[in-house]
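Let's take a walk through this model together, one region at a time. Please keep the sequence and the 3D view open as you read.

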Amino acid sequence: MNNEKVSSFKESYDITLKIADKSASLVKRSFLYFIIAYIFQGLAFAFFFPLLNSIFTNDFNLNNTLFWFGIIAILSIVSFIFRWLASDFQYSKDIVQITHDLRNKLGEKIKTMPLQSLYKYRTGELNSILAQNVDESILHMGIVSGMFFEVAIVPIVIVIATFFIDPAMALALLIALPIAVPVYKWSRKKTKWDKTQGAKAHATLEADTVEYIQGLPVLRAVNQVGENAQNLQKSIGILREVQKKGLYASTLPMIIMNTLVEFVFLFVLALGSLWIANEEFTIGALLALLIILGRLSEPLANFLAVSGVLDIMEASFKHIKKLLDTKEFSIKEPKQKPTKFDIKFENVDFAYEGTNQTALKSLDIQIKDKSLTAIVGPSGSGKTTITKLIMRYDDPQNGIVKIGDIDIRNMEQTTLMSYISVVFQDVYLFDDTILNNIRMGKPNASDEEVLKASNAAFCHEFVSRLPNGYETKVGEIGGSLSGGERQRISIARAILKNAPIVILDEPTSALDTQSEVAVQNALDELIKDKTVIVIAHRLSTIAHADNILVIEDGKLKEKGTHQELFKKQGKYYSMFQAQQRVKEWNVKSTIE
Ligand code: ADP
Ligand code: MG
């Protein structure tokens with residue numbers, strides 16, 4: 001259970017500064033002020049010895065007492081001022097600014113990170129990093145750092161100062177240390193386990209919930225609501241177990257620490273009385289000691305609770321850091337923009353991260369500017385992977401992908417994406433109006449432009465039948481849009497975007513014949529004068545392609561027009577024959 005490493009304070013400090021980023025100097029300044037504040041507070045406590053000694057002495061002198069009192073007052077005021085300066089940072093706009101900057105930075109990261117890395121996160125996970133972890137780490141940072149410095153610095157200053165006043169008493173204060181340190185370490189481990197496991201269980205639960213809810217319509221349709229709730233149920237169960245264990249793990253050390261503080265108090269009282277009896281100690285000194293101990297016991301006991309918060313912060317910090325550290329695509333210099341839009345793969349090898357199986361092997365392909373190229377091949381042969389690499393989903397291990405003779409690594413990611421429209425088989429619609437869903441293709445488009453694109457994609461007819469036409473919210477009509485209609489909305493988006501390269505990944509394969517005709521008409525509108533890549537299952541739909549690439553097992557097997565490949569009687573020919581036979585069977589069985 002104790003496999004979680006407790007980070008050193010140095011590590012926590014470094015990670016804090018990294019996250020504070022531009023505001024690191026503010027954080028440092030705040031920490032410095034806290035340190036100064038608590039050094040002064042420690043000194044103020046230490047001066048209780050001379051103060052109380054001067055009160056309880058036989059030859060009482062008011063001026064003397066007032067002098068010590070004055071010193072304590074001054075030290076306390078200085079301490080207060082610095083604490084105030086340090087807290088000024090916590091409660092002022094700075095910390096809100098850091099939180100805001102960090103969230104923006106993480107958002108930017110999610111926007112630009114390679115999709116390959118993004119897909120490794122579950123939706124709920126990113127959610128909890130951006131919402132919860134950012135707050136946990138930074139908002140707590142201000143409050144916790146103050147408590148931490150108080151506990152860490154005040155006792156040390158008191159002990160050191162006491163050494164100059166009365167070494168024997170300083171030793172008495174030190175007695176607690178050999179016991180307190182191991183108890184502290186042990187309890188950190190326990191609470192650490194509690195907090196990290198707790199955070200993990202929470203994140204899993206959140207992700208499972210999001211996925212469950214997202215999948216609910218499908219699950220209901222197939223009557224699997226119960227079956228699939230099992231995952232969710234399981235993570236709820238795990239959370240309960242972790243919380244049960246965690247509560248025990250973090251409460252026990254706190255009780256022990258509290259008891260320890262009480263014992264030290266009693267021990268000092270007994271030892272002090274003994275020394276007073278032997279006249280080695282004054283009543284004033286013992287009183288001072290007890291006051292100090294009393295004043296210290298509370299923060300000491302609180303410290304364990306605080307260190308629990310430290311653990312939460314740290315777990316959050318780690319999640320944030322991991323996200324911030326994900327590799328970003330480097331853009332090669334000089335940054336270039338193509339003037340034409342032919343596509344080339346030169347000797348490309350690609351394997352998905354975490355697999356050792358190559359999805360593409362020494363792939364060489366040429367796709368001419370403003371041509372229609374079809375990619376065909378068995379499922380899993382690498383067709384989608386080719387289109388992903390054109391969009392720089394990830395960089396190939398070997399070889400170059402070029403657009404207009406320029407390595408796509410020399411292009412800004414946003415520039416590259418502006419050249420490409422993609423129409424997938426499943427269309428994602430945002431919970432917004434139909435109009436805005438189409439506008440997504442070109443965010444600054446006027447309503448007229450959106451309507452024009454909608455017309456061109458044959459959306460107009462079904463949109464005008466919706467209750468509020470273009471102002472209908474997608475969420476309100478839910479599943480009432482057919483696959484073909486959703487598809488046409490996504491084509492309208494692409495028409496509006498008007499990118500020179502269009503990628504169609506099996507867009508019509510899931511549609512019935514009637515929708516297919518409508519979608520095909522919309523597509524014809526979209527692909528005019530574009531460099532088009534179409535991945536299609538049904539070979540009959542791509543017979544008119546300028547070029548057909550037959551991919552098998554990540555390699556280019558054949559290329560040519562339908563006629564050329566047909567004549568060749570190779571892989572394409574046999575695939576085509578097989579599909580024709582299936583068609584004939586279908587026809588026969590409907591006739592019979
Ligand atoms: P196609 O589109 O031709 O059906 P893909 O390009 O999707 O094939 O897949 C090519 C190969 O890469 C397959 O073996 C597939 O299992 C693998 N693959 C696809 N996506 C991933 C991924 N995200 N991680 C690991 N392997 C993947
Ligand atoms: Mg595919």
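Six strands make up an open sheet in the order β6-β7-β8-β3-β9-β10, and their pairing is mixed. Helices (H or I, at least four residues) and strands (E, at least two) are DSSP runs, numbered from the N terminus, and two strands count as paired if DSSP finds at least two bridges between them. At the edges you will find β6 (420-423) and β10 (555-560), each of which pairs on one side only. From one strand to the next, the twist averages 20 degrees; the axes behind such angles are lines fitted to C-alpha atoms, for helices over the stretch in contact, and angles run from 0 to 180 degrees between N-to-C directions.

A word on the ground rules: this is a predicted model, in which local features need pLDDT of at least 70 and side-chain atom pairs count only at pLDDT 80 or more, while totals for chains, interfaces and linings use all residues. Residues are numbered from 1 along each chain as its sequence is written, chains are lettered from A and ligands numbered from 1 in the order in which they are written, and side-chain values use heavy atoms, with hydrogens and water left out.

Now follow β9 (residues 547-552) into β10: the two run antiparallel and are joined by five bridges. Val550 stands opposite Glu558 in β10, and Glu552 has Lys555 as its bridge partner there. Two residues lie between the strands of this hairpin, and Asp553 takes a positive phi near 60 degrees.

Next, look at helix α12, which lies across β3 (372-376), β6, β7 (501-505), β8 (531-535) and β9, and runs at about 150 degrees to β8. What else does α12 (residues 383-390) pack on? To find out, turn to another open sheet, where four strands are ordered β2-β1-β4-β5 with antiparallel pairing. Its edges are β2 (358-367) and β5 (406-407); each has a single partner strand, so one side of each is left without a neighbour in the sheet. Helix α12 packs on this sheet too, touching β1, β2 and β4 (contact means heavy atoms within 4.5 Å), and its direction makes about 115 degrees with that of β1. Within the sheet, β1 (residues 343-351) and β4 (residues 398-403) run antiparallel and are joined by five bridges. Ile343 stands opposite Ile403 in β4.

In total, 13 residues surround ligand 1, and the closest are Gly380, Gly382, Lys383, Thr384 and Thr385; a residue is near if one of its heavy atoms lies within 4 Å. By class, the shell has four nonpolar, seven polar and two charged residues. Here Ala, Val, Leu, Ile, Met, Phe, Trp, Tyr, Cys and Pro count as nonpolar, Asp, Glu, Lys and Arg as charged, and the others, Gly among them, as polar.

Zoom in on the oxygen atoms of ligand 1. A backbone N or O atom of Lys383 lies 2.9 Å from one such oxygen atom. Polar side-chain atoms also approach ligand oxygen atoms, at 2.7 Å for Thr384 and at 2.4 Å for Thr385. On its own, ligand 1 has 560 Å² of accessible area, of which the protein covers 63%; such areas come from the Shrake-Rupley method with a 1.4 Å probe.

Finally, two loops deserve a visit. Arg392, in the loop between α12 and β4, has a positive phi near 55 degrees, in a residue other than glycine. Pro334 sits in the loop between α11 (283-325) and β1, and the peptide bond from Glu333 to Pro334 is cis, with omega near -10 degrees.

Methods:
A polar contact is a pair of N or O atoms within 3.5 Å; within protein, one must be able to donate a hydrogen and the other to accept it, and residues adjacent in sequence count only if both atoms are side-chain atoms.
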